[in-house]
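Got the sequence and the 3D view open?

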Amino acid sequence: MEKILVSILVVFMLVAFAIGGCSMFGKKKALKPFKTEVIHPEWSKNAVIYEVNVRQYTDSGTFKAFEKHLPRLKEMGIDILWFMPIHPIGVPNRKGELGSYYSVADYLAVNPEFGTIGDFKRIIDKAHDQGMHVILDWVPNHTSWDNPLTISHPEWYAKDSTGRFTPPIGTDWTDVIQLDWSQPELHDYMIEAFKFWINLGADGFRVDHPHNTPKEFWERARTELDKIKPVFMLAEYEGDKGFTEKGFDMDYAWEMHHLMNNIAQGKDSANAMLKYFRREWAVYPENAYRLMFLTNHDENSWAGTIDSLMGNSQRAFATLIFTAAGMPLIYSGQEACLDKKLKFFFRDPIEWDTCTMTGFYSDLIKLKKSNRALWNGSFGGKMTSIKTNKERKVFAFYRQKDENRVAVFLNLTKKPVTFKPVMKGIEGDYTEYFTGQKTAFDKSVNITLDPWGYQAFVK
């Protein structure tokens, strides 16, 4: 009987996710256009974000060891360092040998496996010295079973029918227990905890699984934190809860990520990408930020590597996320051709070396920063599609800001393609960024792209 009830619950949750458009599956229901009142930090205007997995970044997995990579990341062009949770990890019901980063045992401390709070403060200061900013991964939905709040404030937790703490319903997250966000004092505590890290030097937060928290809380938190200094807030969400109207600078483009995988695997076409962006342009205002990525810690550890999911299309889609109207993300090791699923609950260090993608990602970052048309939100230019006679195979668009313009052509198939773009209104002399070749675009121009080929013409 228990198994039947569990099965019914699982089916119910799957249906609910399908109807509600949960970002976990990269789907979303039709959204209404909205406006955002968020004032983005000036330093985010052309920023590239980098996700740091401290546990797997070096052989020792410590802050001090990671610190040595700061000059390399600066030289690469990284602006924002997003650290996966740095807090102590719960012991009861721990998963694997080291447990999940997202089982937070103390919001005001650091994982002793990584080092001390002084070590982390040093990283923040060093990053600031090099012109970079640091945001912390924050887990507001749940804590570990041994978080001190379970003793000092048990009323801040959800309970089952017997009055016991409970893991988030519909998940297998048995190492954590659900917080109850109907408790106003919990809101106050979280804001004070945020302030602790902002006063330490952090520049904002990436918020994990904010689905069960009220957006009004984040609007209040944003207001309070901005009184200290301009902060950057990233929501791990894609949906209709309005998190980016006032509280967050940016949310996830989950649907785009999964669409890229589907196209790479021959399950969809370039025409689907055009339809996707037309919906984006209809819903998101020009000053909104969207996080665009080929991979991240969730996708790498659970879904697969970029190579296994995208194959030879990686360069084309990387070009897309660095030139489209969004902020691109690079995950730890991505720039070194990481081709393994990093273990989540155990040590599994990245093997660092240069590879064919190292210089390519550096070049993409230089392109984004050097041309204002490609900057983030309304700092850059709006995306406009370029019509071609091969729209099932080619995705083409341009962005323009003042006198700066970039036209991008992507062959989203595994076969070569020749096509004619409609360049009316944007004719002229261009330079292809990757080859340096000069090209004059007029009404009669034809373009040929290799399988998964990509070109970015700068004017």
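What follows is a short tour, starting with some ground rules.

This is a predicted model, where local features need pLDDT of at least 70, side-chain atom pairs count only at pLDDT 80 or more, and totals for chains, interfaces and linings use all residues. Residues are numbered from 1 along each chain as its sequence is written, and side-chain values use heavy atoms, with hydrogens and water left out.

**Rings**

Start with the aromatics: the structure holds 52 aromatic pairs. Rings of Phe, Tyr and Trp (its six-membered ring) pair if their centres lie within 6.5 Å; planes under 30 degrees apart count as stacked, over 60 as edge-to-face and the rest as tilted. Here are two of those pairs.

| Pair | Geometry | Centre to centre | Angle between planes |
|---|---|---|---|
| Phe-395 and Phe-397 | tilted | 5.5 Å | 40° |
| Phe-409 and Phe-457 | edge-to-face | 5.9 Å | 70° |

Phe-395 and Phe-397 are both buried (under 20% relative accessible area; exposed is over 50%, and partly exposed falls in between, using a 1.4 Å probe and protein chains only). The other pair links distant parts of the chain, with Phe-409 in strand S13 (residues 404–411) and Phe-457 in strand S18 (residues 454–458), 48 residues apart. Helices (H or I, at least four residues) and strands (E, at least two) are DSSP runs, numbered from the N terminus. Are these two rings buried or exposed? Phe-409 is buried, at a relative accessible area of 0%, and Phe-457 is buried too, at 4%.

Elsewhere, one aromatic cluster includes Tyr-107, Trp-138, Trp-156 and Phe-248. Charges meet rings as well: Arg-315 lies over the face of Phe-360, 4.6 Å from the ring centre, and the charged end of Lys-459 sits over the ring of Tyr-430, 5.8 Å from its centre. For that to count, NZ of Lys or CZ of Arg must be within 6 Å of the ring centre and within 35 degrees of the ring normal.

**Strands around S18**

Back to the strands that carry the Phe-409 and Phe-457 pair. S13 and S18 pair in the antiparallel sense over 5 bridges (two strands pair if DSSP finds at least two bridges between them). Leu-410 stands opposite Tyr-454 in S18. S18 also pairs with strand S15 (residues 428–432), again antiparallel, over 2 bridges. There, Glu-432 has Phe-457 as its bridge partner.

Now for the second largest pocket, with a volume of about 290 Å³. On a 1 Å grid over the protein atoms alone, a pocket is an open set of points with protein on both sides within 12 Å along at least five of seven lines, and lining residues have an atom within 4 Å of a point. The volume is the space filled by probe spheres set on the points, which are joined across faces, edges and corners.

Which residues lie nearest its centre? Of the 16 lining residues, they are Trp-281, Tyr-284, Pro-285, Glu-286 and Ala-325. Helix H11 (270–283) and strand S9 (289–292) each supply at least two lining residues, and H11 gives the most, with 3.

Note on methods: On a 1 Å grid over the protein atoms alone, a cavity is a set of points where a 1.4 Å probe fits but cannot get out, and a pocket is an open set with protein on both sides within 12 Å along at least five of seven lines; lining residues have an atom within 4 Å of a point.
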